[in-house]
Number of protein chains: 2
Amino acid sequence: MKLRNVLRKIAFCLIGACLAPVLSTPALAQAQDPLPSWNMGSAKQAIVSFVRKVTDKSSPAYVPPADRIATFDQDGTLWVEHPLYSQAMFALERVHELAPKHPAWKTEQPFKAVLANDRESMARFTEQDWAKIIGATHAGMTTEAFLKIAQDWLSKARHPRFKRPYTELIYQPMLEVMQYLRANGFKTYIVTGGGQEFVRAYSERVYGVPPEQVVGSSIATKYEYQDGKPVLMRLPKVFFIDDKTGKPMGINLFIGKRPLAAFGNSGGDREMLEYTGTGPGTRLMMLVLHDDDKREYAYGPAEGLPDTKVGTFSQALRDEANKLGWVVISMKQDWKKIFPWE
Amino acid sequence: MKLRNVLRKIAFCLIGACLAPVLSTPALAQAQDPLPSWNMGSAKQAIVSFVRKVTDKSSPAYVPPADRIATFDQDGTLWVEHPLYSQAMFALERVHELAPKHPAWKTEQPFKAVLANDRESMARFTEQDWAKIIGATHAGMTTEAFLKIAQDWLSKARHPRFKRPYTELIYQPMLEVMQYLRANGFKTYIVTGGGQEFVRAYSERVYGVPPEQVVGSSIATKYEYQDGKPVLMRLPKVFFIDDKTGKPMGINLFIGKRPLAAFGNSGGDREMLEYTGTGPGTRLMMLVLHDDDKREYAYGPAEGLPDTKVGTFSQALRDEANKLGWVVISMKQDWKKIFPWE
């Protein structure tokens, strides 16, 4: 083969086989707008400026890829949490489904209230009530069986307002942030108060986050045998609550590194953002504010509402954000579109 | 620029910038011997044949990279565990170091035995005794302070027989297996009964395994404030024991995927190998047998010894390995060299 042909072949290989790594280099990823669903404003600028600083080798804020960790709360940060967390919906619907096997539930709280669709009582459910419901609906099966139950439910369930699967009610702008960070060498983690195994049932498909990058609340498991085959049985016993102070604890336990960027939307994320912000160097802390009742919902300080159980973004949290330089994302002003299908 | 020059430039770029990804492709990695410290034999063949099968797209055993998970026990599998686990050495030496601050230890067990170097009593320490020692030596400081204490100790401590830092007493053949698997798209995890935070202090530097890929035993932490700054304080309270049935539980908790390959050396790894082997498709389960008292140590069924506390590789485990097709690695016969510095 002539030199020219050899080189032509190499050039062909370069364009073919090496296209993917070339496209994912920071320089090219930044050439076009990496956040097309964001309106230009201080929130978008904060993200882009942060990524440029920590990935620019000549910047004093440069951080090597191994330490580029970004953590995302899920409910209210990556997908809709109103009128109720999806996983709570899942649990309540499971109670209805399992009721024929548990006749005592008709007279036994908290199940009685769920079966009677008694919304007033349900709104007053304590943590203990929810623990009973989770124990009855999320335990007593193997991890593999639970995965299938969760996936089946997700494929059938529809959101009461949007009439779409919950996994379609994800925020397009946040997906873009995750992709943008990954294209710039970040490892993106979901750090959720929700059930770790529940979120893992769809995290890779929906967010591009593999199971090992989902940190969440969990119940205990037990290694036992079914027909001579080992299984992990899910027990009705809380193992770890990944919320509030549990978030930095979970981050340390699962990741062992302090995040460089953290995204949340409520009091459950306060300590994760605080822990992130206390690290040295340049950090990015952001809070999604739900102030768009037309396209999604408005709650928290946007409406001057008091703390609510779902999505507690209090005025105190907003004040703290202002004081500490955490960036508040206004859904109404910062997001050109909310959902991928809009 | 002439076409030839353009192509020459592209070729130059290919050789320069793209060298790293090219070298890590399976085809080239396999061209030279990926396991030079292994003698040719059934153990080496089992590894190479396994990797070829699961990475060959035309093979029915093909597994996509996302599911290529390999888990490695540490003590006795990746580094020397005799005459005592390094972390136990660390704990005992910490007792001596902290003793001046705890005068009561002179008369209080198990500390009294440690301070008196009473080897007979120490050999009889119960799990409760060890829990007391771990509580006194591994807790009561922040996670950051503990990391520094562990790293300082590791830099100074020397193994009683080899007179080298513990982090040099790693098995070169196992390092090669880890590198070979990573070059073939595997994610390598350490799954150890030892302390997760202790192993994370050196895992990246020594094994190329980042903190987030170390699964181990842990104590509880508490989020609190020191001089107004949030810290994670280590509590004298066991959180999770990653040993025996705890290994598959830990794997499910931290990774959320069943390993494709698992490596151990003792009864503490039995369930990890069993759990790995029960998955569908081609799997690789291996046990390191310590049968080389000249170059390292001989214990377990190699010497017909009964179960010992350290490195319990019983005859029953060997029988099970034979029955289930787990491959036993003979240090004496399979390993050309044991340590990197030989």
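Predicted model: local features only at pLDDT ≥ 70, side-chain atom pairs only at ≥ 80, totals over all residues.
Biologist: Which element gives the largest share of the side of chain B that touches chain A?

Modeller: Several elements of chain B each supply at least two residues of that side, among them α9 (143-156), β3 (214-226), β4 (229-240) and α13 (246-254). By class, the side has 22 nonpolar, nine polar and 14 charged residues. The largest share is eight residues, and the element they come from is α1(B).

Biologist: Nice. And which residue of chain B forms a salt bridge with Glu212(A)?

Modeller: The rule finds six salt bridges across the interface of chain B and chain A. In the one formed by Glu212(A), the closest N and O atoms are 3.0 Å apart. The partner of Glu212(A) is Lys257(B).

Biologist: How much area do chain B and chain A bury between them?

Modeller: The contact takes 45 residues from chain B and 45 residues from chain A. Glu212(B), Tyr223(B) and Leu253(B) supply 16% of the area that chain B buries against chain A, more than any other three residues. Of the area buried between the two chains, 61% is on carbon and sulfur atoms, and the total is about 3900 Å².

Biologist: How far from a polar atom of the side chain of Arg200(A) does the backbone oxygen of Leu253(B) lie?

Modeller: Leu253(B) is one of the residues in contact with Arg200(A), and so is Asn252(B). The backbone oxygen of Asn252(B) lies 2.7 Å from a polar atom of the Arg200(A) side chain. For the backbone oxygen of Leu253(B), the distance is 2.7 Å.

Biologist: Last one: which kind of axis relates chain B to chain A?

Modeller: Chain B superposes on chain A by a rotation of 180° with 0.0 Å of shift along its axis, at an RMSD of 0.0 Å. Moreover, 100% of the interface residues of chain B are also interface residues in chain A, so the copies meet through the same surface. The relation is that of a two-fold axis.

Key
Residues numbered from 1 in each chain as written. Chains lettered and ligands numbered in written order. Heavy atoms only, no water. Polar contact = N/O pair within 3.5 Å; in protein donor to acceptor, adjacent residues only side chain to side chain. Contact = heavy atoms within 4.5 Å. Buried area = accessible area lost by both parts, 1.4 Å probe. Salt bridge = Lys/Arg side-chain N within 4 Å of Asp/Glu carboxyl O. Helix = DSSP H or I, 4+ residues; strand = E, 2+ residues; numbered from the N terminus. Nonpolar A, V, L, I, M, F, W, Y, C, P; charged D, E, K, R; others polar. Least-squares fit on C-alpha atoms with pLDDT ≥ 70 in both. Lists of a residue's contacts leave out its neighbours within four places in sequence.
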